[in-house]
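Look at the model below. This report covers its cavities, its nonpolar cores and its charged pairing.

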Amino acid sequence: MSSPLNLGAISPIVDTNTRKTTNWPLLLLNCTFVAIGVIGGPLLSRLYYLHGGSRSWLSSCTQTAGFPILFLPLLSLFVQSRSQGESLSVFFMEPKLFILSAIIGVLFGLDNFMYSLGLSYTPVSTSSILFSTNLAFLAVFAFFIVKQKFTPYSVNAVILMTLGSVLLALRSEGDRPAGVSNAQYWLGFILTLGSAAVLGLLWPLVEMSYSKSTRPVNYGVVLQFQINLAIFATLFSLTGMAINKDFQAMGKEANEYGLGNGMYYLVLCAGTVVWQLTFIGGLGVIFCANSLLNGVLGAVLLPITNLAAVIFYHEKFNGLKAMSLVLCLWGFTSYFYGEYSMNKKLKNSPQAQLGENCAKNEVLSPV
């Protein structure tokens, strides 16, 4: 496999004192997916609500319903594995991963609904501020669930980004959207904060699920895990839509949508694709690195999401948001510099050289 971006490449993980080397091209690709989703997803969801959309179950469904696009790369990896004579039992993920992805998928469906309903009562800037607390929840859960090892750089990143979020939270006046009551605003506030806590639990659970596999976890398994997770999350949302009679209401809502009938469906379809990039990117980041980095990445994108809301929805931007942007970027740089330094030391250590030699003698799945 000559290309460093080949998704069928052997897992980049090499255990050496609980550290692992990093496939940087694949990691950066997944970081890009996360960035597109974290910035574009909330904007598209808010666009749905701003012009007449009111179906929170429908909005939550768009966050995972884009999973069919993942069948194309998975099919490519399947054809590659068959051409190399690999058995079906080796290519497909283990039953235990199927069960774990299904359970996590239902929890993701619940989390998506909490976030969607919260976003319907709060502006993008406020919801993204609240959701950024996900990093603090994730750090705690990762420590207890997957024994996440903290370095001075990662601790510095968490502290800086948390401070940036607190600064943003100080600016709350005038945030309540028109037509939203005080009770609805605080309901949205609580639901969004709860959604951040649930997601902070789910990402470490995904990382723990990977560790339960008795075979090497490669990108083909990551795709299967995401597809199954998304299927169960979508089924959860579809059940809510059916109970809430969203299917019967969609036609009328589309006709009354402020941007027009065609734009109504375009916004929903665009949302499904963009949100799907968020989740497959998040799983890819965990595969290449760890769940903490996924949380750090989401936190550093927070002020950028706020800037996008200022540009597209004319939300206010002040000195506190500027300071938050600086702190988040500083924290993000600190985290990546720490990871780069640790990987450089790892590659040059005698233990890493021994690990690479041992890896060459092991029989690993090429997909």
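## The second largest cavity

Helix 12 gives the largest share of the lining of the second largest cavity, with 4 residues. Helix 1 and helix 2 (56–62) also supply at least two residues each. This is a predicted model. The volume of the second largest cavity is about 50 Å³.

Which residues line the second largest cavity? They are L44, S45, Y48, S59, T62, V267, L268, G271 and W275. By class, 5 are nonpolar and 4 are polar. No charged residue takes part in this lining.

## The largest cavity

The whole structure has 5 cavities of 30 Å³ or more. The largest cavity holds about 440 Å³ of space. Its lining has 27 residues. Nearest the centre lie V38, F131, L199, T278 and G298.

The lining of the largest cavity divides into 14 nonpolar, 12 polar and 1 charged residues.

## The nonpolar cores

The largest nonpolar core has 55 residues. Four of them touch the most other members: F108, W203, Y210 and F225. Helix 10 (residues 219–243) brings the largest share of this core, 9 residues.

Now take F225. What does F225 touch, not counting residues up to four places away in sequence? The list is M93, L97, S101, I104, V206, S209, Y210 and L283.

## One salt bridge

How many salt bridges does the structure hold? It holds 1. R55 pairs with D246, and their closest N and O atoms are 2.9 Å apart. The pair links distant parts of the chain, 191 residues apart. R55 sits in the loop between helix 1 and helix 2, while D246 sits in helix 11 (residues 246–255).

Are the two partners buried or exposed? D246 has 0% relative accessibility, so D246 counts as buried. R55 has 21% relative accessibility, so R55 counts as partly exposed. The cut-off for buried is under 20%.

Methods:
Residues are numbered from 1 along each chain as its sequence is written. This is a predicted model: local features need pLDDT of at least 70, side-chain atom pairs count only at pLDDT 80 or more; totals for chains, interfaces and linings use all residues. Side-chain values use heavy atoms; hydrogens and water are left out. A nonpolar core is a set of buried Ala, Val, Leu, Ile, Met, Phe, Trp, Tyr and Cys residues joined through side-chain atoms within 4.5 Å. Buried means under 20% relative accessible area, exposed over 50%, partly exposed in between (1.4 Å probe, protein chains only). Contact means heavy atoms within 4.5 Å. On a 1 Å grid over the protein atoms alone, a cavity is a set of points where a 1.4 Å probe fits but cannot get out, and a pocket is an open set with protein on both sides within 12 Å along at least five of seven lines; lining residues have an atom within 4 Å of a point. Grid points are joined across faces, edges and corners, and a volume is the space filled by probe spheres set on the points. Ala, Val, Leu, Ile, Met, Phe, Trp, Tyr, Cys and Pro count as nonpolar, Asp, Glu, Lys and Arg as charged, and the others, Gly among them, as polar. A salt bridge is a side-chain nitrogen of Lys or Arg within 4 Å of a carboxyl oxygen of Asp or Glu.
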